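The questions below go through a structure step by step. Each answer ends on the value or name asked for.

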Amino acid sequence: MKLPRIDYLEAKTLPEACALLAQGDVLACAGGTDLVPSMKHRVKAPRAVVNLKAIGGLDYITYSEKDGLRIGALATLRDLQNNKSVQQKYPALVQSAAMVGTIQLQNMGTVAGNLCLDTRCYYYNQSSFWRSARPACYKAGGEVCHVVKRSDHCWACYSGDTAPAFMVLGAKVKVVGSKGERVIALKQLYSGDGQKPIALAADELVAEIQVPARAAGSGSGYTKLRIRKAIDFPLMGAAVWMQLEGKAGVVKDIRVALTAADSAPIEVPGAAKSIQGKPYSEENLAEVMEASYKKARPVDCVIGGSPPYRKKMARVFVKRAANLAYQQAQAK
Amino acid sequence: MKRALKLTVNDEDYEVLADTHRTLLEVLRDSLGLTGSKEGCGFGACGACTVLLDGKANLACLTLAFSAQGKQITTIEGLAVNGKLHPIQDAAVRYGAIQCGFCTPGWIMSAKALLDEKPKPTELEVKTAISGNLCRCTGYVKIIESIIAASEGK
């Protein structure tokens with residue numbers, strides 16, 4: 001399928017990119033793996049795109065005990081997996097990046113771009129011809145949601161894999177815009193609105209991702225439900241971070257986040273209370289699994305599983321991710 | 001809007017006039033006549049358009065042609081040297097890993113990226129490397145066998 005007529009712009013620095021974005025009706029393109037299909041489907045048709053990949057020196061991944069992990073905006077999902085520090089300290093990041101699409105998409109797509117993934121819905125991610133059979137939905141500029149009838153907003157599903165992993169690790173993102181820069185908790189990057197899921201102004205970009213240094217006795221894991229072992233977006237994905245203390249492996253703290261469960265990656269609130277101070281076991285995890293089940297609210301907007309099934313799978317995949325996190329936490 | 005586009009494909013420099021909204025796949029096929037890379041889905045799922053950019057497997061159907069300037073692009077046409085097939089191509093023929101042939105250029109490029117990085121991959125690594133290349137004919141078994149054979153020089 002052909003792309004719509006768009007102009008191609010290139011930025012050599014971040015301020016230059018922000019200035020071009022500020023002109024209006026211009027979209028940022030790094031890997032292009034999310035944007036280009038959307039443009040082919042004509043759900044996005046900007047006047048121009050700015051190729052960010054021409055900006056030099058932004059593909060770094062560094063780790064130090066003092067500053068933790070710093071990931072530049074143009075580091076790819078493949079770079080993240082292949083980084084030795086990330087492999088040793090943050091298995092959830094490796095696991096989640098390795099589950100994004102395919103090797104080709106991981107080579108092209110950036111980590112920052114994956115965090116900024118647009119929400120998806122099978123009434124939206126379709127060709128204009130296919131969509132012309134129905135009135136346009138909220139996300140495509142219309143006045144209706146085809147998934148949740150009579151809803152007053154869009155319910156498209158957030159389907160990024162790395163976001164919940166970064167979230168449980170306590171990540172922050174550095175956002176730059178033409179008016180300056182700010183550092184926000186990753187959670188604040190998401191509006192929760194399916195129609196405009198990423199809470200950035202038109203001239204703003206994620207410039208860096210910051211993850212705190214790995215705490216002693218902590219571990220992380222990510223896993224997801226999908227039909228095929230490659231290519232597919234998650235039908236339900238779970239990331240768990242936990243910290244153990246003492247020889248008996250008592251849980252000191254635990255954080256759980258889900259993807260494909262709502263219009264934003266969501267943290268499960270109060271997950272720690274029920275298991276804090278108890279040794280890690282699947283029995284002691286039961287309430288955390290139950291809280292995750294209650295928090296997930298998948299709707300019928302992606303192909304592969306019914307919403308009740310996907311909701312039930314929140315329990316299972318939180319358990320599996322927690323087992324992965326426990327493996328790392330108790331190893332040292 | 002047409003602009004001058006400079007690409008380096010298979011160690012040869014090309015300069016063509018191209019619209020700014022063309023994908024790398026369109027330019028390779030329609031402007032340069034390199035029709036080895038195929039358009040399957042056009043949306044980044046099937047891998048039929050896989051080419052190497054600076055040695056890494058990329059999808060030409062999702063790459064804006066202008067963003068590939070300054071990179072070393074390798075397509076299936078660049079593998080054979082003086083009419084002699086690349087070992088992966090040769091093994092593909094001998095093991096019957098080609099049926100209709102539409103996915104073949106894509107997975108061979110994925111396999112080349114893998115073997116360049118890891119000359120002796122395990123079966124799982126081969127499967128992972130070509131997991132982004134859909135084939136509806138072979139059932140993958142012969143593809144995997146042929147890549148392993150190529151890595152072992154058989």
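Q: In this predicted model, in what order do the three strands of the open sheet in chain A lie?
A: The model is predicted, not taken from an experiment's coordinates. In chain A, three strands form an open sheet with parallel pairing. Their order is E1-E3-E2.

Q: Which strands of this chain A sheet stand at the edges?
A: An edge strand has a single partner strand, so one side of it is left without a neighbour in the sheet. From one strand to the next, the twist averages 30 degrees. The strands at the edges are E1 (7-10) and E2 (26-29) of chain A.

Q: Which residue of E3(A) stands opposite Cys29(A)?
A: E2(A) pairs with E3(A), residues 48-51, in the parallel sense, over four bridges. Opposite Cys29(A) stands a residue of E3(A), and this is Asn51(A).

Q: At about what angle to E2(A) does helix H1 of chain A run?
A: Helix H1 of chain A covers residues 14-22. This helix lies across E1, E2 and E3 of chain A. Its angle to E2(A) is about 145 degrees.

Q: How many residues make up the hairpin link from E6(A) to E7(A)?
A: E6(A), residues 172-177, and E7(A), residues 180-185, pair in the antiparallel sense over six bridges. In this pairing Lys174(A) stands opposite Val183(A). The hairpin joins the strands through two residues.

Q: Which residue of E8(A) is the bridge partner of Val175(A)?
A: E6(A) also pairs with E8(A), residues 205-211, in the antiparallel sense, over five bridges. The partner of Val175(A) in E8(A) is Val206(A).

Q: How many residues apart in sequence are the parts that Asp118(A) and Lys139(A) tie together?
A: Asp118(A) and Lys139(A) form a salt bridge, with the closest N and O atoms 2.7 Å apart. Asp118(A) lies in the loop between H7 (111-115) and H8 (128-131) of chain A, while Lys139(A) lies in the loop between H8 and H9 (162-168) of chain A, so the pair ties together parts whose separation in sequence is 21 residues.

Q: In what order do the five strands of the open sheet in chain B lie?
A: This sheet has mixed pairing. E2 (12-19) and E4 of chain B each have a single partner strand, so they stand at the edges. The order is E2-E1-E5-E3-E4.

Q: Which residue of E2(B) is the bridge partner of Lys2(B)?
A: E1(B), residues 2-9, and E2(B) run antiparallel and are joined by eight bridges. The partner of Lys2(B) in E2(B) is Asp19(B).

Q: Which residue of chain A meets Asp19(B) in a salt bridge?
A: Between chain B and chain A the count is five salt bridges. In one of them, the side chain of Asp19(B) meets a partner at 3.6 Å, N to O. That partner is Arg5(A).

Q: Which element gives the most residues to the side of chain B that touches chain A?
A: The elements that give two or more residues to this side are H1 (24-31), E4 (56-59), H3 (104-117) and H4 (123-129) of chain B. The top contribution is four residues, and it comes from E4(B).

Q: About what area is buried between chain B and chain A?
A: The contact takes 34 residues from chain B and 30 residues from chain A. In chain B, His21(B), Phe43(B) and Leu62(B) lose the most area, together 26% of what that side buries. Carbon and sulfur atoms give 57% of the total, which is about 2,600 Å².

Methods:
Residues numbered from 1 in each chain as written. Chains lettered and ligands numbered in written order. Predicted model: local features only at pLDDT ≥ 70, side-chain atom pairs only at ≥ 80, totals over all residues. Heavy atoms only, no water. Contact = heavy atoms within 4.5 Å. Buried area = accessible area lost by both parts, 1.4 Å probe. Salt bridge = Lys/Arg side-chain N within 4 Å of Asp/Glu carboxyl O. Pairing = 2+ DSSP bridges. Axes fitted to C-alpha atoms, helices over the stretch in contact; angles between N-to-C directions.
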